[in-house]
Amino acid sequence: MDDQKLLEHSTVIETEPPASAGSHPDGEAASGAVPPEELPILPVRGVVVFPGTMVPLTIEREASRKLLDESLPQSRSIGIVAQRDAEIDQPGPADLYEVGVMGEVLRMIKQSSKGAIVLVQVRDRIRVREFTQTEPFLKARYDVVENKTPSDDDEYWKAALQNLKDSASRLVSLNDNLPDDAGQAIANIDDPVLLTDFLATNLSIELPEKQKLLEEADVVRRLEAVQRIVNNQLHIAELQRKLREDVETEFTDAQRRAYLREQLRAIQRELGEGDGTEEQVDDLRGRLEEAGLPEDVMEQAERELKRLDLIPPASPEHSVIVSYLEILAELPWSKLSEDHVDLKKAREILDRDHYGLDKVKQRLIEYLAVRKLNPEGRGPILCFLGPPGVGKTSLGQSIADALGREFARISVGGIRDEAEIRGHRRTYIGSMPGRLIQEIRRAGTRNPVIMLDEVDKIGADFRGDPASALLEVLDPRQNDKFVDRYLDVPFDLSQVIFIATANYIDPVPAPLRDRMEIIEIPGYTEEEKLHIATDYLVKRQLEENGLKPEQCEWEEDALKEVIESYTRESGVRNLEREIGAVCRGVAADVAEDEARSVTVTPDFVREKLGPPRHVREEKLQTSAPGVVNGLAYTPVGGEVLHIEALRYEGKGHVQLTGQIGDVMKESVHAAWSLVKARAEELKIDPEDFKNYDVHVHVPAGAIPKDGPSAGIAMFTALASLFSNRPVNKDVAMTGEVTLRGLVLPIGGLKEKSLAAERAGIQKILIPSLNQKDVPDIPESARKNLEIVPVKTVDDVLREALVMETTEETTTDDTENTDG
């Protein structure tokens with residue numbers, strides 16, 4: 001049926017009090033229409049409808065839609081009966097109560113093709129006599145249930161009616177769930193039938209109880225039943241009001257919130273809902289117990305769990321406490337890795353991962369041997385000292401592999417906030433534990449090997465000194481009760497093996513240096529680099545670039561070319577990069593022609609890498625006065641320095657160039673004073689010091705140079721210049737000089753000796769106190785060098801100066817000084 005047609009025929013029917021007992025003037029008889037003998041029955045679920053009310057009903061079931069479509073064109077009267085079981089979707093006669101209501105459809109609004117809303121004016125109670133139709137919808141014969149009311153003159157009846165109105169008004173004022181205008185409506189209703197039906201509609205009672213009120217035809221008994229329900233609910237409402245008043249007077253604000261939260265939780269539990277706080281607390285407690293926390297730490301955790309139970313999930317502090325407890329539960333309080341110290345296997349691992357470094361490997365084997373014999377001992381904190389790329393970090397990994405422990409690396413270079421070590425206090429937003437606790441948490445064991453990388457590059461500012469914070473961490477007698485500020489409970493670090501690395505020892509604070517055993521890892525020699533490249537780097541780069549060994553074969557001279565002309569470093573990082581660049585070039589060639597095989601030669605290296613980037617200083621080609629082969633140590637290895645001295649007419653001034661540092665400048669001035677003091681022994685005219693200016697230069701002027709080890713080279717250059725005696729081009733020297741002419745020891749003898757060998761030097765002069773370091777020089781270099789220890793500058797001049805000055809050398813000297 002079209003909605004518009006229904007709207008045209010809809011009228012609002014006014015209700016009036018009944019004219020006499022047993023008749024209801026609001027029925028269809030009142031409008032002059034005869035009620036039909038049969039009514040279409042509309043089943044409703046979850047609701048009981050009472051006469052005298054106007055109710056909207058949502059129509060969704062297919063049978064109900066057909067009922068409206070087929071019945072409304074003939075009559076707007078329908079029967080409404082409640083279902084016994086609301087879960088039944090297609091109810092039959094047995095599924096409905098016997099008593100319902102008859103109503104008139106005033107309006108129907110179709111929401112969609114499958115639903116509609118009807119507005120029904122309810123008229124009378126009816127009792128279903130028999131069902132005459134079940135398909136497509138229910139239809140039944142019925143009897144109108146007449147209300148039995150007492151005489152209007154009955155005083156008891158009047159008193160009971162007034163008492164009900166007063167009780168109901170009182171309940172409305174106390175119960176927030178009833179409509180605000182219900183009190184006024186109650187006061188205006190004088191008809192007991194309408195009053196009881198109105199109250200039954202609005203009272204919060206169960207459906208069966210409402211159905212009993214609908215089925216009750218005796219108005220007196222119905223009124224008494226409604227009175228009992230109202231009295232019961234009024235009693236409950238008054239108790240609730242009293243409780244609220246008592247709570248407001250006795251509870252503080254915090255207690256009131258706790259009380260209300262508890263009430264909310266109780267309601268949520270009844271409804272099967274909840275915020276999950278209890279489950280979360282139980283889960284955290286179980287995880288904490290499983291983690292095996294120490295007793296004092298567990299007490300702290302219990303305090304936090306109690307706080308968590310009281311704090312609402314919406315509070316920011318709730319998430320802070322949860323994060324804290326989760327970290328406590330995840331830390332390995334009782335988990336230890338079992339050491340498997342096999343010295344033979346450890347040596348194999350060290351040899352597998354590193355070439356050379358025999359002294360370092362021997363010290364590590366000794367360290368592991370002590371751990372094997374005394375597992376509970378507190379061994380020293382090792383610090384690997386050496387230039388970049390020599391394998392310091394990978395040595396720590398090898399120690400962890402040999403012990404069967406987890407390995408963690410913490411780069412402390414550049415950190416300036418001590419909270420990175422000690423953690424942040426939980427009073428700050430975004431606070432978290434320090435790096436140590438975080439790495440131990442990730443490792444999952446209480447005794448990992450932790451590498452503290454770049455300890456020489458730790459900074460310090462207004463946020464604290466991280467190096468000082470490490471003092472507690474690296475002290476075996478203190479770190480068993482290390483307190484991270486975030487955890488605020490002690491954590492045992494005594495079983496952790498700490499290994500530090502540094503490029504330079506000078507920036508490391510003395511107290512921190514005192515807690516570590518320094519193991520120096522020198523740079524690799526060119527011979528060692530050649531072995532490393534052959535055994536490790538080439539294989540790794542072939543694999544990374546998808547090449548097979550037969551597709552790319554490296555000649556030894558090609559690797560030497562890369563080492564000597566394209567890298568200048570102590571380690572092998574840049575060497576591996578250059579080898580990788582050549583391998584990529586080979587990969588490009590092989591990709592174009594899969595059958596092609598490439599042999600890498602020095603020419604092929606120059607083709608792929610371009611012109612040589614580094615040209616090493618070679619030995620002097622001729623012996624000349626004022627020019628000396630000096631030896632220097634740099635972070636990337638040893639170097640040969642050509643120290644040049646030139647004199648010209650002037651007033652005795654000394655000029656220094658070549659990016660010379662303060663220490664080297666002082667060495668020049670000390671050498672200059674020593675030469676002037678020994679002028680007579682050196683057969684130098686003292687007037688020459690007044691009549692000539694001196695210019696001392698160290699080539700490669702763009703590279704800063706500093707250090708005391710060039711002292712004897714400076715002295716030899718000046719003494720040779722003013723005595724006009726050439727310096728042997730096959731001699732190089734290193735050593736610090738004093739004003740008394742003594743030669744003091746220096747460092748980096750191995751690297752300097754290797755640099756001299758590369759340059760083709762035949763003899764090197766070293767301080768006699770450095771003879772103890774000669775065994776560190778590789779045997780191959782010792783065979784090619786004559787190593788002469790010297791004690792004084794007299795020994796230096798005797799070994800370095802050419803006794804006879806020939807015409808050829810004089811000419812060369814003139815060319816050198818003019819240049």
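Buried, in these notes, means under 20% relative accessible area. The model I am reading is predicted.

**Entry 1: W672**

I looked up W672 and found a relative accessibility of 6%, so I count W672 as buried. I then checked F722, which has a relative accessible area of 5% and is therefore buried. W672 and F722 form an aromatic pair, with 5.4 Å from centre to centre and 50° between the ring planes, and I logged the pair as tilted. W672 belongs to helix 23 and F722 to helix 25, so this pair ties together parts that lie 50 residues apart in sequence. I also noted F689, which forms one aromatic cluster with W672 and F722. For the structure, I have five aromatic pairs on the list.

**Entry 2: helix 23 against helix 25**

Helix 23 covers residues 662-677 and helix 25 covers residues 711-723; their axes are 8 Å apart and the packing angle is about 40°. That angle makes helix 23 oblique to helix 25. I recorded the crossing of the two helices as right-handed.

Which residues of helix 23 and helix 25 make the contact? From helix 23 I listed M664, S667, V668, A671, W672, L674 and V675. From helix 25 I listed G711, M714, F715, L718, A719 and F722. Sorted by type, the residues of this contact come to 11 nonpolar and two polar, with no charged residue. As a reminder to myself, an α-helix has 3.6 residues a turn, so residues three or four places apart point the same way.

**Entry 3: N724**

I followed the chain into the loop between helix 25 and strand 20 (731-733), where N724 lies. N724 has a phi near 60°, which I marked as a positive value in a residue other than glycine. Its relative accessibility is 37%, so I count N724 as partly exposed.

**Entry 4: helix 26**

How many of the 10 residues of helix 26 are buried? I have eight, and I describe helix 26 (residues 749-758) as mostly covered. The buried residues of helix 26 are L749, K750, E751, K752, S753, L754, A755 and A756. Just after helix 26 I found G760 with a positive phi of about 85°.

**Entry 5: Q233**

I looked up Q233 in helix 7, which runs over residues 219-250. Is Q233 buried or exposed? Its relative accessible area is 14%, so Q233 is buried. Leaving out residues up to four places away in sequence, I found that Q233 touches L171, L203, S204 and I205. I also checked Q233 against S167: the C-alpha atoms are 10.0 Å apart in space, and the two residues are 66 apart in sequence.

**Entry 6: other backbone checks**

Where is the loop that holds P136? I placed P136 between strand 5 (115-133) and strand 6 (138-145). The peptide bond that joins E135 and P136 is cis, with omega about -5°.

E454 is not a glycine, yet I read a positive phi of about 60° for E454.

Technical notes:
Residues are numbered from 1 along each chain as its sequence is written. This is a predicted model: local features need pLDDT of at least 70, side-chain atom pairs count only at pLDDT 80 or more; totals for chains, interfaces and linings use all residues. Side-chain values use heavy atoms; hydrogens and water are left out. Axes are lines fitted to C-alpha atoms, for helices over the stretch in contact, and angles run from 0 to 180 degrees between N-to-C directions. Helices (H or I, at least four residues) and strands (E, at least two) are DSSP runs, numbered from the N terminus. Angles under 35 degrees count as roughly parallel, over 145 as roughly antiparallel, 65 to 115 as roughly perpendicular and the rest as oblique. A crossing is left-handed if the near helix is turned anticlockwise from the far one by less than a right angle, and right-handed if clockwise. Contact means heavy atoms within 4.5 Å. Ala, Val, Leu, Ile, Met, Phe, Trp, Tyr, Cys and Pro count as nonpolar, Asp, Glu, Lys and Arg as charged, and the others, Gly among them, as polar. Rings of Phe, Tyr and Trp (its six-membered ring) pair if their centres lie within 6.5 Å; planes under 30 degrees apart count as stacked, over 60 as edge-to-face and the rest as tilted. Buried means under 20% relative accessible area, exposed over 50%, partly exposed in between (1.4 Å probe, protein chains only).
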